[in-house]
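Dear colleague,

Please find the structure below.

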Amino acid sequence: MSNGTLLWVDDEMELLKAYVIFLEKKDYEVVTATNGQDAIDLVSERPFDLILLDENMPGLSGLETLTKIKEIDSNIPVVMVTKSEEENIMDQAIGSKIADYLIKPVNPNQIFLTLKKHLHKRAIENEVTNTGYQQNFTRIGMQINDSYSLEDWIDVYKRLVYWELELSNTNSEMTDVLKMQKAEANNEFAKFIKKNYLDWVRNPDTRPLMSPDVFKRKVFPLLDAGEKVFLILFDNFRYDQWRIVSQDLASDFTFDDQLYLSILPTATQYARNAIFAGLMPDQIASMFPDLWVDEDEEEGKNLNEEPLVRT
């Protein structure tokens, strides 16, 4: 079974026969060309998984050949191979979206590593991810059983989210195992909440950070210190979703991830109002009866007011 089809373009190809033999023994099909025009013609005629392209050739240069190849198929990964370390050449090559850059003389293992990185990265990542979760499965299970504080549970949750995101990019059977482990963690965490929740509600000064405490403990201290604060609240936004979004924002922002406990029930009417009011729902209802609207009663009222149509 072939590991992929390569096109190697170099005007000194006769000196690279040993490299070609090495790659063929690694189950790659290697097609060669000694000039840019032949390479362009080959790319026009058949598909290649990766191209090794010499930068310094007579006739069409490597950069000129690269541009022509990208016009034919912009998705082919091209690895530039050159004797030159001039910065402007590297900049031009990178600007032309090469996949990698190798400086001559190269050894076979360097080339093999480049092929692994660009042709087999997903398969290698999947294998390493599966092995990593398998090795951590028992450790996480023990951590679930030994979690007695909120800090313990936050660590468990972050670990489960990490592996959930890692495995989501694979077709691994370990995804189902993770779902079962996550369900086990949810059950045990529910017991932890049931045991402690009433005490947290009754003792706001000693409880962990909850919805009504966000402004008082996190926002107001920054304002008192003269900091500029911009608050954005995303409703129904999970931590795993935030982890994905934060990857796109990481180039412009730094983050200090801190988790807090939503109140129960977590429905918007209760949890979000508790954040902005700094109060538990029963406190809001008691202090502001004219503003408080019971969602269930309101829905029932609206239902009674609507005509019932039967056909």
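**Helix packing and a loop residue**

The axes of helix H2 (residues 36-45) and helix H3 (residues 62-72) come within 10 Å and cross at roughly 10°. Axes are lines fitted to C-alpha atoms, for helices over the stretch in contact, and angles run from 0 to 180 degrees between N-to-C directions. H2 and H3 are therefore roughly parallel (under 35 degrees). This is a predicted model, in which local features need pLDDT of at least 70 and side-chain atom pairs pLDDT 80 or more, while totals for chains, interfaces and linings use all residues. Numbering starts from 1 along each chain as its sequence is written, and side-chain values use heavy atoms, without hydrogens and water.

Helices here are DSSP runs of H or I with at least four residues, and strands are runs of E with at least two, numbered from the N terminus.

On the H2 side, Gly36, Ala39, Ile40, Val43 and Ser44 meet Thr65, Lys68, Ile69 and Ile72 of H3 (contact means heavy atoms within 4.5 Å).

H1 packs against helix H5 (residues 108-119) at about 45°, with the axes 10 Å apart. From H1, Tyr19, Phe22 and Leu23 take part; from H5, Pro108, Asn109, Ile111, Phe112 and Leu115.

Lys26 sits in the loop between helix H1 (17-25) and strand S2 (28-33). Leaving aside residues up to four places away in sequence, Lys26 touches Asn3 and Phe112.

Regards

Notes
Parallel < 35°, antiparallel > 145°, perpendicular 65-115°, else oblique.
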